[in-house]
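Subject: Structure handover and findings

Hello,

Here is the structure we spoke about handing over. Please open it beside this email and read the notes with the model in view.

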Amino acid sequence: MPLNNYTPCMNVDQRRDETELITSYFQQGFTNVEKLEFLKLHGIEFSSSTLKRRLQSLGLRRRIPADEQVSQEDIERMVEHELSGSKCNVGYRKMWKHVMTKYGIAVQRDVIRKCLGWAQVVGKFLQRLRDFDLYNNSDPVQVDLIRFCFMDILRDELHKIAEM
């Protein structure tokens with residue numbers, strides 16, 4: 001299996017700025033220990049406290065202040081978008097990690113779990129319809145019809161689950 005471009009050991013030859021590397025590894029969701037080890041591959045070595053200080057100076061933090069938090073609707077849209085793509089069969093922890101790394105936001109796992117709970121039930125329902133040839137997701141008319149019929153119900157249920 002080939003390594004992706006963002007794999008730290010693939011970019012050792014390239015001369016990259018220290019702040020760019022720290023930001024990149026932060027956005028990929030690595031722990032501080034992993035970041036320090038990857039930075040050593042680039043010839044950059046410093047202590048854990050220095051890394052924490054640099055992260056703070058760059059404004060990189062895992063917890064988002066209350067005034068910058070993402071709305072519940074935005075999170076639901078992100079999860080729906082990911083479920084319609086290649087992440088349709090992942091669990092809530094993997095989806096949580098993916099939302100953190102792709103969108104660069106920090107969300108509690110519980111919020112993602114609640115969003116996925118109902119969305120996966122609907123996904124199984126649609127899968128059964130496909131199995132019995134009652135629904136074809138490659139037909140845009142059928143997809144729009146399902147959205148028209150069920151989107152309000154889904155959104156209301158997701159809001160109820162999120163309020164629990």
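**Ground rules**

This is a predicted model: local features need pLDDT of at least 70, side-chain atom pairs count only at pLDDT 80 or more, and totals for chains, interfaces and linings use all residues. Numbering starts from 1 along each chain as its sequence is written, and side-chain values use heavy atoms, with hydrogens and water left out.

**Overall picture**

The protein chain has seven helices and zero strands. Helices (H or I, at least four residues) and strands (E, at least two) are DSSP runs, numbered from the N terminus. The order from the N terminus is α-α-α-α-α-α-α.

Of the 164 residues, 30% count as buried. Buried means under 20% relative accessible area, exposed over 50%, and partly exposed in between (1.4 Å probe, protein chains only). The accessible surface comes to about 11400 Å². Carbon and sulfur atoms hold 53% of that surface. Areas come from the Shrake-Rupley method with a 1.4 Å probe; for residues, only the protein chains shown count as cover.

Contacts are heavy atoms within 4.5 Å. Among contacts with a separation of 6 or more, 52% join residues 24 or more positions apart.

The buried residues of H1 are Leu21, Ile22, Ser24, Tyr25 and Phe26. They pack against H2 and helix H3 (48-57). After H1 comes glycine 29, with a positive phi near 85°.

There are three aromatic pairs in the structure. Rings of Phe, Tyr and Trp (its six-membered ring) pair if their centres lie within 6.5 Å; planes under 30 degrees apart count as stacked, over 60 as edge-to-face and the rest as tilted. Tyrosine 25 and phenylalanine 30 make an edge-to-face pair, 6.0 Å centre to centre and 75° between the planes. Tyrosine 25 is buried, at 2% relative accessibility. Phenylalanine 30 is also buried, at 19%.

Tyrosine 25 also pairs with phenylalanine 38: the centres are 5.5 Å apart and the planes stand at 50°, so this pair is tilted. Tyrosine 25 is in helix H1 (residues 18-27) and phenylalanine 38 is in helix H2 (residues 32-41), so the pair ties together parts that are 13 residues apart in sequence.

**Salt bridges**

The structure holds four salt bridges. The cut-off is a side-chain nitrogen of Lys or Arg within 4 Å of a carboxyl oxygen of Asp or Glu. Three of them are described here, including this one in H2:

- Glutamate 37 bridges to lysine 40, with the closest N and O atoms 3.3 Å apart. Both lie in helix H2, three residues apart, about one turn of the helix. Glutamate 37 is partly exposed at 43%, and lysine 40 is partly exposed at 41%.
- Arginine 77 bridges to aspartate 74, with the closest N and O atoms 2.8 Å apart. Both lie in helix H4 (residues 72-84), three residues apart. Arginine 77 is partly exposed at 46%, and aspartate 74 is partly exposed at 29%.
- Arginine 113 meets aspartate 110 at 2.3 Å, N to O. They are three residues apart in helix H6, about one helical turn. Arginine 113 is partly exposed at 38%, and aspartate 110 is partly exposed at 32%.

**Loop and surface**

Aspartate 133 has a positive phi near 55°, in a residue other than glycine. It is in the loop between helix H6 (109-131) and H7. Aspartate 133 is exposed, at 69% relative accessible area.

Phe125, Phe150 and Ile153 make a nonpolar surface patch of about 260 Å². Patch residues have over 30% relative accessible area and no salt bridge: like charges are joined within 9 Å, nonpolar side chains (Val, Leu, Ile, Met, Phe, Trp, Tyr) within 5 Å. Isoleucine 153 lies in helix H7 (residues 140-163) and is partly exposed, at 44%.

Best regards
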